[in-house]
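The sequence and model come before the notes.

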Amino acid sequence: MDVSQKFDGLRSEIEDRFAEEIVALRRDIHREPELGFDTKKTAQKVLAALDGLPLEVETGIAENGIVATLHGEGEGPTVALRADMDALPIREETGLPFASEAEGKMHACGHDGHTSMLVGAAHALSQDSVRGRLNGTVKFVFQPAEEGGGGGRVMVEEGVAEGVDSIFALHLWPGLPFGTVATKAGPIMAAADGFEMEIRGSGGHGAMPHLTADAVVIAAQVVTALQTVVSREVDPVEPAVLTIGEIGAGTAFNIIPEKARIGGTVRTLNADLRERMPERIEEVARGVAQGMRGDVRLDYNFSYPVTLNDVRAAERALGVAGDLFGEGSVLELRNPSMGGEDFAFFLEKVPGAFVWLGVGEEVSGLHTPRFAFDEEILPRGSALLAALALESLSR
Ligand SMILES: [Zn+2]
Ligand SMILES: [Zn+2]
């Protein structure tokens with residue numbers, strides 16, 4: 001059996017039989033977005049949508065995470081497919097008829113789509129005719145708290161990656177042509193770390209700066225000096241980002257404050273560089289602050305590691321996508337994104353690939369209040385996930 005025959009009919013069958021349900025589930029989840037680990041209602045919707053399928057279902061993993069297991073006919077390996085379920089604290093401005101009904105919360109990263117695509121794949125793979133071709137086991141992993149909570153880390157700590165031989169996840173991707181499947185071997189998303197820094201001086205009257213150590217002026221110098229950490233200390237051919245996204249100080253225009261606070265994010269692709277960054281950030285900031293009779297205190301938070309795709313898994317994803325959608329819909333990425341993704345925690349334990357699914361170049365970006373996509377992409381994503389499992393478990 002050649003590969004193209006293997007997937008024969010899979011895509012059209014999903015489009016004909018399951019598309020309506022997949023879209024309905026997506027809208028249902030979209031209407032009621034939930035944040036972080038608090039994805040209880042979303043998990044209930046997933047469980048209801050999986051009801052009746054021949055799955056072993058475990059709930060309550062990482063609070064509201066779900067792992068549903070499908071045993072195929074053979075004793076082959078285990079492949080896991082992962083979707084994230086959480087939304088973002090953004091006020092939706094799409095004007096869609098199924099827009100968020102939860103004030104200040106929105107599925108602005110497409111996780112509603114990821115979840116419903118994975119449910120679609122579970123339906124497709126559970127059919128007797130398809131299940132009989134699975135030489136091994138498929139685990140459908142529904143994860144809470146991708147957006148900052150590290151739900152992926154908690155699921156791995158609770159054993160979800162154990163006994164899994166390969167793993168795949170999709171992410172809807174604005175900026176890529178609609179239907180394009182893109183990935184690459186090696187790093188695809190950056191390590192995403194963060195820090196808060198307190199800048200300490202001594203306050204006083206705005207008219208008597210010589211009696212103070214002005215935390216505002218020190219903070220301004222520290223922000224400027226930190227720009228040299230990437231530009232002057234990191235090898236120019238090594239990608240790194242240091243962004244200060246928060247700055248705050250003071251209570252009145254004529255008072256010199258004692259303290260200021262800055263917050264930033266650091267993105268790297270190289271593990272050694274990642275380890276070195278806090279030390280250099282602290283040294284540069286402290287040097288500047290002490291020169292002005294102040295000091296700093298750094299709180300550094302190593303958050304998400306590099307999302308590192310396995311070479312063979314990335315090749316498999318591109319190959320399967322070509323068989324399903326044609327070579328014109330496949331893109332081997334040259335560069336990673338400096339965004340972060342907590343699927344990285346699974347990929348630290350299990351070889352696999354994180355794959356982008358294009359929703360079009362004109363689509364408003366991820367994490368924006370107008371992010372919306374053509375739902376035609378959902379059955380395609382289900383077909384891709386199902387085909388990845390079939391290909392991974394073919395005899
Ligand atoms: Zn996101
Ligand atoms: Zn996301």
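What follows is what I looked up, in order.

I worked from a predicted model, where local features need pLDDT of at least 70, side-chain atom pairs count only at pLDDT 80 or more, and totals for chains, interfaces and linings use all residues. Residues are numbered from 1 along each chain as its sequence is written, chains are lettered from A and ligands numbered from 1 in the order written, and side-chain values use heavy atoms, without hydrogens and water.

Sheet. I found an open sheet of 4 strands in the order S10-S12-S8-S13, with antiparallel pairing (strands are DSSP runs of E, at least two residues, numbered from the N terminus; a pair needs at least two DSSP bridges). Its edge strands are S10 (240-249) and S13 (295-304). I then checked S8 (191-200) against S12 (259-268) and found 10 bridges; Arg200 has Lys259 as its bridge partner in S12.

Zinc site. I listed the donors (N, O and S atoms within 2.8 Å of the metal, or 3.2 Å for Na, K and Ca; water is not among the atoms, so sites may look incomplete). The zinc ion (ligand 1) is coordinated by Cys109 (SG), Glu147 (OE), Glu147 (OE) and His367 (NE2) at 2.0 to 2.8 Å. Cys109 also coordinates the zinc ion (ligand 2), 3.2 Å from ligand 1.

Burial. I looked up accessibility (buried is under 20% relative accessible area, exposed over 50%, partly exposed in between, with a 1.4 Å probe and protein chains only). Cys109 is buried at 6%, while His367 is partly exposed at 37%.
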